[in-house]
Amino acid sequence: MTSPAAFLACPTPDAWIDMALQQQEILLTDHANCEKKAAATALNLLFRYTFNDDLQYKMSRLAREELRHFEQVHALMKKRDIKYRPLSASRYANWLREHIRKEEPGRLVDTLIVGAFIEARSCERFEKLAPHLDEELGKFYVSLLKSEARHYRDYLALAEEAAGESIEERVEYFRQVERDAIESPDEEFRFHSGSPAAA
Ligand SMILES: [Fe+2]
Ligand SMILES: [Fe+2]
């Protein structure tokens, strides 16, 4: 299976990295939110697809791991005296989810493919950010990128299993959708935001 960065159609724009380094409080707060949402997505799948034994087990493990990540980000924020404040969600996940088919089994297959892209992008961003961060945060992000690479592979394998046929065409479709979400100008900075819009 290809590496998460090679799986994506485009790298994170350098302007996004610059923005992230300037906005580390928002980065960490939104990152904490993303971990919660990753756990919620896994729980939704766990409850919706009760007939799929493999998926049930993997989603249960995933939900626990994502909540553990949330706790780790939360602890780091506390240590840095960053107060948690509500942040609106970035457009990214909904941008991808709008393209999910409505009928089963397409709905499940597409949901899992979208999960793979979100994990792959997270992994790519952790990797790209890590060398520019302070030692503590850099090390933490390197540890997380290994988990996200595994989650990306798990989601993709589950999508293949659920489809029972090649998913290459759907993957390619979402690859282009994801590229648009990352490369088009975005007014709002978030963990998964697009290319920072010129002020
Ligand atoms: Fe995570
Ligand atoms: Fe993850």
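A: Donors are N, O and S atoms within 2.8 Å of the metal (3.2 Å for Na, K and Ca), and since water is not among the atoms, sites may look incomplete. This is a predicted model, in which local features need pLDDT of at least 70 and side-chain atom pairs count only at pLDDT 80 or more, while totals for chains, interfaces and linings use all residues. Residues are numbered from 1 along each chain as its sequence is written, chains are lettered from A and ligands numbered from 1 in the order in which they are written, and side-chain values use heavy atoms, with hydrogens and water left out.

Q: How far apart are the iron ion (ligand 1) and the iron ion (ligand 2), and which residue coordinates both?

A: The two ions lie 3.4 Å apart, with Glu 66 coordinating both.

Q: What are the protein donors of the iron ion (ligand 2)?

A: Glu 66 (OE), Glu 119 (OE), Glu 119 (OE), Glu 148 (OE) and His 151 (ND1) coordinate the iron ion (ligand 2) at 2.0 to 2.6 Å. These donors have the spacing E-x52-E-x28-E-x2-H. Distant parts of the chain are linked here: Glu 119 belongs to helix H6 and His 151 to helix H7, 32 residues apart.

Q: How is the packing of helices read?

A: Two packed helices are described by the angle between their axes and the distance between the axes. Helices (H or I, at least four residues) and strands (E, at least two) are DSSP runs numbered from the N terminus. Axes are lines fitted to C-alpha atoms, for helices over the stretch in contact, and angles run from 0 to 180 degrees between N-to-C directions.

Q: At what angle do the axes of H4 and H7 cross?

A: The axes of H4 (residues 53–79) and H7 (residues 135–163) cross at roughly 160 degrees and come within 12 Å.

Q: How do H6 and H7 cross?

A: The axes of H6 (residues 106–129) and H7 come within 8 Å and cross at roughly 160 degrees. H6 and H7 are therefore roughly antiparallel to each other.

Key
Angles under 35 degrees count as roughly parallel, over 145 as roughly antiparallel, 65 to 115 as roughly perpendicular and the rest as oblique.
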